[in-house]
Amino acid sequence: MDLLLTGGTGFFGKALLRHWQAVEGAGVAPPHVTVLSRNPPAFLRQHPEFAALPWLRFHAGDILAPASLPTGAAFTHILHAAADSTLGPQLTPLQRYTQIVDGTRHLLGYAVAQRIPRFLLVSSGGAYGPQPHDMARIPEDYHGMPDPLDAHSAYSVAKRCAEHLCALYAQQHGVETVIARGFAFVGRDLPLNAHFAIGNFIRDALAGGPITVQGDGTPLRSYMDQRDLARWLEALLQHGRAGQAYNVGSDEAIDIAALARRVRDLLAPGQPVRITATAPAQGQRQRYVPSIAKARAELGLELRHTLDDAVREVARHAGAVR
């Protein structure tokens, strides 16, 4: 496999690169990977462990500038994971929409021009819109959608549009497109000072507490370890059925308050958990939990790492082994 990876310097990309490092360490040859990055030198200064790997190269370019994409390469696969999920809150809704939709269109056009047969789009569970309160786990054949008239839905609507572009390019040009709908993740490369609740809880715990929940603690989430994420993405890239979407995440639900207490018990026993808001008296809890039955049944994929494993792994790499 000769792979062009976009988003290779973000959370998903680093999860994949670490996965292939581990594969190489186990004596299995990784794919040949080219990472598209707006600033490869800056990334390698921050992550020198990815320099001078024989199977990995970097190409300076931008998904919004088609002329900057590599020429003369012979890629067999594209894994398109580029989207500023960490920096997303700093972008306007229009900027987020443009980056996702135009970037996907450019990469699909590139796949056609370069005759690259396989294309994996990293989408989001947000493409389903709000999960019904009586649906424990959201399946791929649920056809809800985010509100297109709400500017705050730009990320989710854009992911939905990007998925439709994949269907259009498959129909028009025969590109084998597969969709990975990602949910929530945790691992050593998750930022601890961004807008990710579990990262903030780990940060608070490593600082000695208290662990602060910004909200009422009732929303339900689930978390996949980044090592499982990387394995699943590689499997979908190679073996996912063309024209199909697969949920990628954990199906083990936990509410945010319980998550904070779980992190506290693992990393800072005895410290308080502070919940900043009171749950509405008659409110229904928000859910964001996938069904992963399809990936299990079709591709034999399973979760190898528990939530506790993942939290300890983050702490270990943050310099606080517990």
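Keep in mind that the model is predicted.

Let's start inside. The largest nonpolar core has 60 residues. Two of them have the most contacts inside that core: Leu79 and Ile198. Which helix gives the core its largest share? That is helix H6, residues 226-239, with seven residues.

Now take Leu79. Set aside its neighbours within four places in sequence. Leu79 is then in contact with Leu3, Leu4, Leu5, Thr6 and Leu16, among others. The list also includes Leu120, Val122, Leu233 and Leu237.

Next, His77. You'll find His77 in strand S4, which covers residues 77-80. Is His77 buried or exposed? Its relative accessibility is 13%, so His77 counts as buried; the cut-off for buried is under 20%. The side chain of His77 makes a polar contact with the side chain of Thr76, at 2.7 Å. What does His77 touch beyond four places in sequence? Met1, Asp2, Leu3 and Leu4 are in contact with His77.

Helix H1 runs over residues 11-25. H1 and H6 pack at an angle of about 85 degrees. Their axes are 8 Å apart. Why call that roughly perpendicular? Angles of 65 to 115 degrees count as roughly perpendicular, and that makes H1 roughly perpendicular to H6. Who makes the contact? From H1, we have Phe11, Phe12, Ala15, Leu16, Arg18, His19 and Trp20. From H6, we have Gln226, Leu229, Ala230, Arg231, Leu233 and Glu234. By class, the contact of H1 with H6 has eight nonpolar residues, two polar and three charged.

Stay on H6 for one more residue. Asp228 sits in this helix. Asp228 is buried, at a relative accessible area of 0%. The side chain of Asp228 reaches the backbone nitrogen of Arg304, at 3.1 Å. Leave out residues up to four places away in sequence, and Asp228 touches Glu302, Leu303, Arg304 and His305.

On to helix H5, residues 197-206. How many of its 10 residues are buried? Seven are, so H5 is largely enclosed by the rest of the structure. Here are the buried ones: Ile198, Gly199, Asn200, Phe201, Ile202, Asp204 and Ala205. Ile198 you have met already, as one of the residues with the most contacts inside the largest core. What covers the buried residues of H5? The cover includes strand S7 at 185-186 and strand S8 at 211-213. It also includes helix H7 at 256-267 and helix H9 at 307-317.

Gly208 follows H5, and its phi is positive, near 100 degrees. Then comes a cis peptide bond, joining Gly209 and Pro210. Its omega is about -5 degrees. Pro210 is in the loop between H5 and S8.

Now helix H4, residues 154-173, and Ala158 within it. Ala158 has a relative accessible area of 0%, so it is buried. Neighbours within four places aside, Ala158 is in contact with Tyr97, Ile100 and Val101. Compare Glu140, which is 18 residues from Ala158 along the chain. The C-alpha atoms of Ala158 and Glu140 are separated by 18 Å.

Finally, two loop residues. What is the phi of Ala52? The value is near 60 degrees, positive in a residue other than glycine. Ala52 lies in the loop between helix H2, 40-46, and strand S3, 56-60. Ala52 has a relative accessible area of 80%, so it is exposed.

Arg115 is not a glycine either, and its phi is positive, about 55 degrees. Arg115 is in the loop between helix H3, 93-114, and strand S5, 118-124. At 75% relative accessibility, Arg115 counts as exposed.

To recap: a largest core of 60 residues, H1 roughly perpendicular to H6, and H5 largely enclosed.

Methods
Residues are numbered from 1 along each chain as its sequence is written. This is a predicted model: local features need pLDDT of at least 70, side-chain atom pairs count only at pLDDT 80 or more; totals for chains, interfaces and linings use all residues. Side-chain values use heavy atoms; hydrogens and water are left out. Helices (H or I, at least four residues) and strands (E, at least two) are DSSP runs, numbered from the N terminus. Buried means under 20% relative accessible area, exposed over 50%, partly exposed in between (1.4 Å probe, protein chains only). A polar contact is a pair of N or O atoms within 3.5 Å; within protein, one must be able to donate a hydrogen and the other to accept it, and residues adjacent in sequence count only if both atoms are side-chain atoms. Contact means heavy atoms within 4.5 Å. A nonpolar core is a set of buried Ala, Val, Leu, Ile, Met, Phe, Trp, Tyr and Cys residues joined through side-chain atoms within 4.5 Å. Axes are lines fitted to C-alpha atoms, for helices over the stretch in contact, and angles run from 0 to 180 degrees between N-to-C directions. Angles under 35 degrees count as roughly parallel, over 145 as roughly antiparallel, 65 to 115 as roughly perpendicular and the rest as oblique. Ala, Val, Leu, Ile, Met, Phe, Trp, Tyr, Cys and Pro count as nonpolar, Asp, Glu, Lys and Arg as charged, and the others, Gly among them, as polar.
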